[in-house]
Amino acid sequence: MTVAVRVHNPFFARVWPVFAAHEAKAVKALRRENLAGLSGRVLEVGAGSGTNFAFYPESVEMVVAVEPEPRLAVKAREAAAGAPIPVVVTDETAEEFSDEQQFDAVVCSLVLCSVSDPGGVLQRLRSLLRPGGQLRYLEHVASAGVRGQWQQLVDATFWPRIMGNCHTHRDTERAIVDAGFEVECARREWTLPVWAPLPVSELALGRAHRP
């Protein structure tokens with residue numbers, strides 16, 4: 001069983017809201033697409049500073065947003081106050097949720113790169129979904145070739161230390177399948193030119209469900 005871990009990333013908690021406030025239009029468009037058509041009760045994991053909240057459709061009954069980093073949780077609660085739908089921000093982790101809590105959808109946005117046990121977290125999220133419930137994901141993923149080698153280098157050195165444990169060279173799509181989800185659709189998008197050195201330029205956008 002995955003053990004709940006308390007998060008303490010003071011540097012990342014200071015810089016991430018700044019990055020999110022200046023996010024590229026292409027990433028904002030992907031966030032909006034990732035949330036399109038959702039309804040019912042939604043669990044968002046790793047809400048950060050609440051960047052997604054403004055993009056939820058009015059068909060969503062409620063969002064329970066998990067953010068275990070206390071400084072980011074404060075920012076998320078501020079964002080929740082202006083959201084178009086009800087949002088409850090909690091510092092509980094998904095591992096601490098009761099099995100009786102069932103959600104119609106789970107949203108993961110740029111978070112599975114930073115958890116210590118992505119497979120265990122995904123299995124837990126699957127258990128919190130009703131049968132047929134959807135996983136919506138927008139995630140950093142491992143690139144191929146030279147960029148993939150660059151990702152492995154930064155993952156082994158400075159990147160996780162300054163970016164909230166973000167690991168850029170993870171096969172997140174494989175982890176989703178291995179956790180028991182069935183992928184409905186998925187594609188990859190570049191948010192910067194291929195030649196740009198930022199290791200998180202390639203994102204996977206997809207929808208999967210609990211059988």
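In which sense do strand 5 and strand 7 pair, and over how many bridges? In this predicted model, local features need pLDDT of at least 70, side-chain atom pairs count only at pLDDT 80 or more, and totals for chains, interfaces and linings use all residues. Residues are numbered from 1 along each chain as its sequence is written, and side-chain values use heavy atoms, without hydrogens and water.

Strand 5 (residues 129-140) pairs with strand 7 in the antiparallel sense, over 7 bridges; pairing requires at least two bridges found by DSSP between two strands. Helices (H or I, at least four residues) and strands (E, at least two) are DSSP runs, numbered from the N terminus. In strand 7, Gly 206 lies opposite Tyr 137. Strand 7 (residues 202-209) is largely enclosed by the rest of the structure, because 7 of its 8 residues are buried (under 20% relative accessible area, with a 1.4 Å probe and protein chains only).

Helix 4 (residues 118-128) has buried residues, including Pro 118, Val 121, Leu 122 and Leu 125. Among the elements covering the buried residues of helix 4 are strand 1 (40-45), strand 4 (103-109), strand 5 and helix 7 (172-178).

Helix 1 (residues 10-21) packs against helix 3 (residues 70-81) at an angle of about 30°, with the axes 8 Å apart. Axes are lines fitted to C-alpha atoms over the stretch in contact, and angles run from 0 to 180 degrees between N-to-C directions. The two helices are therefore roughly parallel (angles under 35 degrees). The contact (heavy atoms within 4.5 Å) involves Pro 10, Phe 12, Ala 13, Trp 16 and Pro 17 of helix 1 and Arg 71, Leu 72 and Lys 75 of helix 3.

Conventions: Buried means under 20% relative accessible area, exposed over 50%, partly exposed in between (1.4 Å probe, protein chains only). Angles under 35 degrees count as roughly parallel, over 145 as roughly antiparallel, 65 to 115 as roughly perpendicular and the rest as oblique.
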